[in-house]
Amino acid sequence: MKTSLALILATLLIAPVAAETPPRPEHFAHHATISVSDGGPFHQLALPLVVYQGASDAELADLRVFNGQGEALPYALLRAQAQAESQRRELAVPFFPLLVPGPGAAGERDLAVTVRQGADGTLIAVRQSPAAPKSAAIVRGVVVDGSQLKGSIRSLRLLTEASPTAFHRYTVESSSDLQNWRLLKRDAQLVRLEHQGHRVENDGVEWDSAADRYLRLLWADPQRAPAIRSVRLAAVETSFKPPLRLWSPEMAPTAIQGGSYDYAWTGQLPLDRLRINLPQVNTLAPLVIQRQTSRHRHRDRPRWDTLAQAVAYRLQTPQGEVRSADITLHAAVENRLRLAIDARGGAIGSLPPTVQIGFVPHLLVFLARGEGPFVLAWGAGDLGRADLPIATLLPGYDAAVALNATPASLASPGKANGQPVAAAGDGGEDAPVVPARWILWAVLLTGLLVLAAMARALTRQLRPDPEVKP
C-alpha cells in the first residue's frame, strides 16, 4: 500500500516537470553554429534557405537559439524591408534677375515675364514686358532654375554682396511651369551681423514640402536688397535598396498528366515569387497556377484552387533572349503547386518546365547571453512560438532607424541524430524527435496504470472474508 502511494506521488511530481522541460539542441533535427563578431549584445541574422527547407512549422515555431551552455536565448523575427538611402547635394544653379522700374521711372511695377527654355527645360532667358531702362531699374527678385537637379529640392542659400543693412526679408515661391506659383516660405530673412570680431550670419532657408523645379525669390524691400552673386540649391535624392530575396533551386515536376505539372517540396517556403523556366527557346505558354487546399468530401482526390493566371515565355530577339518576369503570388506557405498549361498556346516541348520559389527571408535578432558557441536549431515538432516582439527585445526600437544589432552569419548546418538537412525537392525524412508532450503522455499513462493496480489491491484488501462454518 505504501509503495503504491509513493509511486502515485512520484508520478504527480514528475508530470509537471516533464511538461516544463525546456528543449535542448539535441531535440532538433538540424542545427548550425552562429558566427558573431565582438560587438553586441544584440546580433542579427538573415535566415538562409536551408532553415526554411528543414523547418517543420509554417510560422517557424520550431526555431530556437542556444548558447554554449545549452540555454535558450531570447530572439525576435521580423521581415527584412527595403532600405532607404538619402544623399544631399548642394549645387550652384542659374538665376535670372527680375527688374522693375525704380522710383520716378516711367512704366508700371509688374512681374510679367517672357521665358525662353531649352528642350530639357533649362531656362535660357527671362525677359520682362515692358522692359525698364537699366538706369531706372531695380532688382525685385530672381527666378532660379533648378530643373537639372535630381531629387527633392529642400533649401536655398544666397551668396550676396556686402550691404549696410543687416536684415533683408524675402519670400520664396515654386512653380513647375513658370506661370502658376505657390508659396514655399514666407518672411524668410537674410541676416549678416558683425561686431567686435563676432559674426552672425543666416544666408539660407529651408522648407518642408518638396519644391518644383523653378523657384522665385522676391525681396520685401528691393531698394535696399543686396546684389546676389550666387544661388545654391540643396536637393535630397533618396534611393531604395530592395531586401535580399532567396530563391530555391530549380525543381522538376513530380507528376505530369497531360498539360498539368505538379511540383512538391519539403520545408516551409512562402509562395512570394514564382519563376518558371521553360526548356526551349521561342516558347509561349498561357497557364494557371494552382495550389492544393483540401480533398473532396466524397472523393479521394485533391482539390486545387487557382492562385494566379500568367503567361510564361522564352523568346529569342535580335537584342538577345527575353524571358517572362517573375510572378508575384503573396501566398501562404505551401508544399505543392500545379501548373495547368493552356493547350491553345502550343506545346512546350518534350522537356517539362522547372520552377523556382523566391521570398524575402526573416531577420532573426537575438540577445547573446552567456558564452558561445551560439547555435541556431530548427526542425522539432510540437513546439509553441518562443519569439518575442521586436519592440520587446530591442528597447527603443524604431522601424525607421537601422537595427542596433551586429550582423552575424550562419555556418554550414550540421546533422542531428544522423539525419542530413533535406534539400528543396527532396523527400528526406526528419530526424526522430522526442518532444516533451509525448514524454508527458508516457508519464501520465504510467500513472494511470499505477492507479489501476492500486485500486485493484485496495479492492482485494477490503473484500470481506468468507464466513467460516463451525
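Tutor: Let's begin with an open sheet of four strands, in the order β17-β26-β20-β24, with antiparallel pairing. Its edge strands are β17 (246–247) and β24 (327–328), each pairing on one side only. Strands here are DSSP runs of E with at least two residues, helices are runs of H or I with at least four, and both are numbered from the N terminus. This is a predicted model, where local features need pLDDT of at least 70 and side-chain atom pairs count only at pLDDT 80 or more, while totals for chains, interfaces and linings use all residues. Residues are numbered from 1 along each chain as its sequence is written, and side-chain values use heavy atoms, with hydrogens and water left out.

Student: What makes β17 and β26 a pair?

Tutor: Two strands pair if DSSP finds at least two bridges between them. β17 and β26 (residues 354–359) have two bridges, in the antiparallel sense, so they meet that definition. W247 has G358 as its bridge partner in β26.

Student: W247 has a charge over its face too, I gather. Which residue lies there, and at what distance from the ring centre?

Tutor: That is R275, at 3.8 Å from the ring centre of W247. A charge sits over a ring if NZ of Lys or CZ of Arg is within 6 Å of the ring centre and within 35 degrees of the ring normal.

Student: Why is the pair of F28 and F66 called edge-to-face?

Tutor: Rings of Phe, Tyr and Trp (its six-membered ring) pair if their centres lie within 6.5 Å; planes under 30 degrees apart are stacked, over 60 edge-to-face, and the rest tilted. For F28 and F66 the centres are 5.8 Å apart and the planes at 65 degrees, so the pair is edge-to-face. F28 is in the loop between α1 (2–19) and β1 (30–35), and F66 is in β3 (residues 63–66), 38 residues apart. The structure holds four aromatic pairs.

Student: What are the values for Y170 and W219?

Tutor: Their rings are 5.6 Å centre to centre with 75 degrees between the planes, again edge-to-face. Y170 belongs to β11 (residues 167–175) and W219 to β15 (residues 214–219), so this pair ties together parts 49 residues apart in sequence. Both Y170 and W219 are buried.

Student: How do you know whether L60 is buried or exposed?

Tutor: Buried means under 20% relative accessible area, exposed over 50%, and partly exposed in between (1.4 Å probe, protein chains only). L60 has 3%, so it is buried. L60 lies in the loop between α2 (49–54) and β3, and its phi is near 60 degrees, a positive value in a residue other than glycine.

Student: And what about Q196: buried or exposed?

Tutor: Q196 has a relative accessible area of 68%, so it is exposed. Its phi is also positive, near 50 degrees, and Q196 lies in the loop between β12 (182–195) and β13 (198–202).

Student: What makes the peptide bond from G372 to P373 cis?

Tutor: Its omega is near 0 degrees. P373 is found in the loop between β27 (362–367) and β28 (374–378).
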